[in-house]
Amino acid sequence: MYPASSTFLRTLATSHVVVARVDAYYAGQLVQSDIPFGSGTVTVDRASKNRRKLSLTIPDPKLLPWGETDLLAPYGQQLVVSRGIRYTNGDEEWVPLGTFRIDAPSGDVHFGPITVTGTSLESSIIDDKFQSPVTTGGLGGCVDAMTTLIRQTLPNAAVANLTAGNRNPVLAVAMWDAGNDRWDAITQIARAMNAEIYVDALNRFVIADLPDVVNGPVAWDIAEGEGGTLISAARSVSRTGVYNAVVASGENSASGAAPVSGFARDTDPTSPTRWGGPFGKVTKFISSALWITAGACQNAANFALYDAIAPNVETSLDTLPNPALEGNDIIRLSTAGRKERFLVQSLSIPLTADGDFSITLRGGKEEAA
């Protein structure tokens, strides 16, 4: 979660004035600040290749682009979006919601409004597919390789390694053909070190450990009742996506290593998903050319099993907006006499006080009373 002040977080549960702004940039230079807009939403989604997306409505038809360098043209123009609170003393506190490349402006040329959609910085990497075969040989550790592949496209990109101990494990030699997706290659490298990579609200490429719902720190408490932010909650549970065994395999012709594999399964006799128990036997298969030893495959299988046996609980909330939340935050939900930890899977943050806020949570874990 973005480090908003304690005053900001307390104020979210009370009556307050919402402020938001959209600034336009081109070639790294501010072109216009505080563009007037009618409505807008920033969506954060862990399941999307673009972690952040923007949808914006601008009433003034004069801002509809005609030339390639116009304010809202889709030729590298960017919108920087923030939302905040104006306190009773007139002070304001702001939370960044992201930097978005303009992808598709449209609208009535006479009456408007203009609808603008945008995506976070992953788009630039996705677009820049490999023009010739690329190998990880000589790129150093996993973090070094991801940084190199990112900066081949965006030389000034900020890359933040936020893994525990700033991990940068040795990277196996792998190769991608011409035409392959550069971002897919980068996310494969992150996966090889049991991490994830995404663009955050500060426009950084963040490399982070996969979230641990059971043991990780709680970023935000959502509770019902007086002083809470919860309005309503809906819950669904499914066995889809739940596995009790994982087979990890690695085959890498570029390194000359023989094929290797690792196997892990849920053997806890008290687990409802134990292998061979009432849940049955459900195996997930994963593979990567970056796993070139049996030990690497075994570690990957063990790590993946931890996530595979997590309950597929999806909870949708109607709650007061917290724009500081990130897509991998852990929240504690207190409702119906229970306290559960969840991972934030996605959220939609409105830019106006009357906009709809939604948040979807995955992988509930009940806390002891």
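I count a residue as buried when its relative accessible area is under 20%. With that settled, here are my notes on this predicted model.

**Entry 1: aromatic rings**

I searched the whole structure for aromatic pairs and got two. The one I followed up joins Trp183 and Phe205, with 5.9 Å from centre to centre and 55 degrees between the planes, a tilted arrangement. Trp183 belongs to helix H4 (residues 182-192) and Phe205 to strand S12 (residues 205-209), so this pair ties together parts that are 22 residues apart in sequence. Are Trp183 and Phe205 buried or exposed? I checked both, and Trp183 and Phe205 are each buried.

While on rings, I also looked for charges above them. Arg51 has its charged end over the ring of Tyr198, 4.0 Å from the centre of that ring. Arg239 lies over the face of Phe279, and here the distance to the ring centre is 4.1 Å.

**Entry 2: S12 and its sheet**

Phe205 made me curious about S12. I found four of the five residues of S12 buried, so the strand is largely enclosed by the rest of the structure.

Next I went through the pairings:

- Strand S9 (residues 159-161) runs parallel to S12, with three bridges between them. Ala160 faces Val206 of S12 there.
- Strand S11 (residues 195-199) is antiparallel to S12, with five bridges. Val199 stands opposite Phe205, and Ala195 has Asp209 as its bridge partner.

The hairpin of S11 and S12 has five residues between the strands, and I noted that Asn203 in this hairpin takes a positive phi near 70 degrees.

Then I turned to helix H3 (residues 142-153). Its twelve residues at 1.5 Å each should span 16 Å, and the end C-alpha atoms are 18 Å apart, which agrees. Which residues of H3 are buried? My list has Cys142, Val143, Ala145, Met146, Thr147, Leu149, Ile150 and Thr153. An α-helix has 3.6 residues a turn, so residues three or four places apart point the same way. I then asked what the buried residues of H3 pack against. The partners are helix H2 (122-127), strand S8 (134-135), S9, H4, S11 and S12.

How many bridges join strand S15 (residues 245-250) to S17? I found five, and these two strands run parallel. Ser249 is bridged to Ser287 in S17.

**Entry 3: S4 and its two partners**

My last stop was strand S4 (residues 52-58). Which of its residues are on the covered face, and which on the uncovered one? Arg52, Leu54, Leu56 and Ile58 make up the covered face, while Lys53, Ser55 and Thr57 are on the uncovered one.

Strand S3 (residues 39-45) pairs with S4 in the antiparallel sense over six bridges, and a hairpin of six residues joins S3 to S4. Strand S7 (residues 114-119) also pairs antiparallel with S4, over six bridges.

I used Lys53 as a landmark here. Thr43 has Lys53 as its bridge partner in S4, and Lys53 stands opposite Thr119 in S7.

Conventions: Residues are numbered from 1 along each chain as its sequence is written. This is a predicted model: local features need pLDDT of at least 70, side-chain atom pairs count only at pLDDT 80 or more; totals for chains, interfaces and linings use all residues. Side-chain values use heavy atoms; hydrogens and water are left out. Rings of Phe, Tyr and Trp (its six-membered ring) pair if their centres lie within 6.5 Å; planes under 30 degrees apart count as stacked, over 60 as edge-to-face and the rest as tilted. Buried means under 20% relative accessible area, exposed over 50%, partly exposed in between (1.4 Å probe, protein chains only). A charge sits over a ring if NZ of Lys or CZ of Arg is within 6 Å of the ring centre and within 35 degrees of the ring normal. Two strands pair if DSSP finds at least two bridges between them. The expected span of a helix is 1.5 Å times one less than its number of residues. Contact means heavy atoms within 4.5 Å.
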